[in-house]
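Here is a short note to read alongside the model. Please keep the sequence and the structure open as you go through the points.

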There are 2 protein chains.
Amino acid sequence: MDRYRIIEVKQSVFADNDAEAASLRAELRAQGTCLINLMSSPGSGKTTTLLRLLPLLQRTLRVGVMEADIDSDVDADTVSRTGAKVIQLHTGGMCHLDAAMTREGLRQLGAQGLDLVILENVGNLVCPAEFDTGAHLDLMILSVPEGHDKPLKYPLIFQRCSAMIVNKTDVLPYFDFDLDKVTQFARQRNPGIQIFPISAKTGEGVEALAAWICAQIDKEKEKKETRL
Amino acid sequence: MDRYRIIEVKQSVFADNDAEAASLRAELRAQGTCLINLMSSPGSGKTTTLLRLLPLLQRTLRVGVMEADIDSDVDADTVSRTGAKVIQLHTGGMCHLDAAMTREGLRQLGAQGLDLVILENVGNLVCPAEFDTGAHLDLMILSVPEGHDKPLKYPLIFQRCSAMIVNKTDVLPYFDFDLDKVTQFARQRNPGIQIFPISAKTGEGVEALAAWICAQIDKEKEKKETRL
């Protein structure tokens, strides 16, 4: 039996993605599932970060993962080896996921009964930032080799995300990357953005990130309980 | 006086970008200007590669550069210091350039009299590959930290490009990047793709790349002469 399935998702027919996203977010909140949308450039280490995070999150949470890609199932294959519930979404050339595509992915994954679903979006710093997926929490990874000037060039994604994970800190000695500068530039875009330097390769910093994510999920649950 | 200007370019009203691109390509060929479209993920080293390439190309060619970005003029500022004719194109949130935006950039740059214009596209492996800019030569950079699996995940850009520049070879010892595998995966997408391993940081491999680019421009000129 296959460890995961591959689903072809198509662009939404909903003219108003924002309304669809708000509706999905409310439904997920009602069923007690938190949705995280994880974004980055290609090769920033989304999957490797997930491989480090999943065992920490799975200590207390039932977690599912949706791997979005234009093609290939490299990532679902890798993540499924952790034992997490995983589905691969193929976007058929699309550069981002919208709320309807996310909803279809969640349906196929079977999100009922999960505390947390992490959507690994298509590797792209531009388009995914423009489309609300319905997530409760938007996170991004910027990796050291990409350079500290990225908040100047790709403003929207830094504005949208609650946290910036600075990955590949293990190679800091080999790159002209200034952590103080990237912090300053990111906060120019988004004064409240949380910043987590990590190395998904060595595991450094991942505990702190996992603890913060768990705290955000607890806050989401409180929102639900307050509303009941 | 400013060393470069910043131009706001807007998405095309042309329904048929392919026709507009073909027309632009023919006009440029007639005036003896070769257009190169350089694409990559954010932070792969497009600008640093240009800084290495420009002095080599400028030995025999009159070169202009168009720096496309969603925001900021970091790159135009950097490239203008080489003395090249440079213009910054702001896409206003757009994730790629189309042929009409490229045409407007060329007009504002003043491409008449130039042998070569290099368009540094928005950092994105997905959308720029879908839009013909009118270029005679599409090139892409994949940097070592991004990983050798990218041709599996972002097929179109590897299909479109005549050459893949593998940048940041100076950090090969610190990453699990397999040059043989990336060659194999890229050629699965595009059997004729040329592959140039370089380090824009140290300059290694850039002479061979510059020589190949000059040979391609000569071929373009021959096409023009044959048609006259």
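1. Some terms come first. Two residues are in contact if their C-beta atoms, placed from the backbone, lie within 7 Å. A residue is buried if 20 or more other C-beta atoms lie within 10 Å of its own, exposed if 12 or fewer, and partly exposed in between. Helices (H or I, at least four residues) and strands (E, at least two) are DSSP runs, numbered from the N terminus.

2. This is a predicted model: local features need pLDDT of at least 70, side-chain atom pairs count only at pLDDT 80 or more, and totals for chains, interfaces and linings use all residues. Residues are numbered from 1 along each chain as its sequence is written, while chains are lettered from A and ligands numbered from 1 in the order in which they are written.

3. Start with helix α1 of chain A, residues 17–31. The expected span of a helix is 1.5 Å times one less than its number of residues. For the 15 residues of α1(A) that gives 21 Å, and the end C-alpha atoms are 21 Å apart, which agrees. Just after α1(A), Gly32(A) has a positive phi of about 80°.

4. Which residues of α1(A) are buried? They are Glu20(A), Ala21(A), Leu24(A) and Leu28(A). Seen down the axis of α1(A), the buried residues fall within an arc of 100°, so they line one face of the helix. The arc is that of the directions from the helix axis to the C-beta atoms. An α-helix has 3.6 residues a turn, so residues three or four places apart point the same way. On the other side of α1(A), Ala19(A) and Ala30(A) are exposed. The cover over the buried residues of α1(A) includes β2 (34–40) and α4 (99–109) of chain A.

5. Now look at helix α4 of chain B, residues 99–109. Here 8 of the 11 residues are buried, so α4(B) is largely enclosed by the rest of the structure. Among the buried ones are Met101(B), Arg103(B), Leu106(B) and Leu109(B). Just after α4(B), Gly110(B) takes a positive phi of about 80°.

6. The largest nonpolar core has 136 residues. Such a core is a set of buried Ala, Val, Leu, Ile, Met, Phe, Trp, Tyr and Cys residues joined through C-beta atoms within 7 Å. Val117(B) is one of the residues with the most contacts inside the core. Leaving out residues up to four places away in sequence, Val117(B) touches residues including Leu35(B), Met66(B), Leu106(B) and Leu109(B).

7. Leu89(B) lies in β4 (residues 85–90) of chain B. Leu89(B) counts as buried, with 28 C-beta neighbours inside 10 Å. Pro197(B) belongs to β8 (residues 194–197) of chain B. Pro197(B) is partly exposed, with 19 other C-beta atoms within 10 Å.

8. How do the chains relate? A rotation of 180° with 0.0 Å of shift along its axis superposes chain B on chain A (RMSD 0.0 Å). That is the relation of a two-fold axis.

9. Last, the interface. In all, 30 residues of chain B are in contact with 30 residues of chain A. On the side of chain B that touches chain A, the largest share, 3 residues, comes from α5(B). 100% of the interface residues of chain B are also interface residues in chain A, so the copies meet through the same surface.

Conventions. Least-squares fit on C-alpha atoms with pLDDT ≥ 70 in both.
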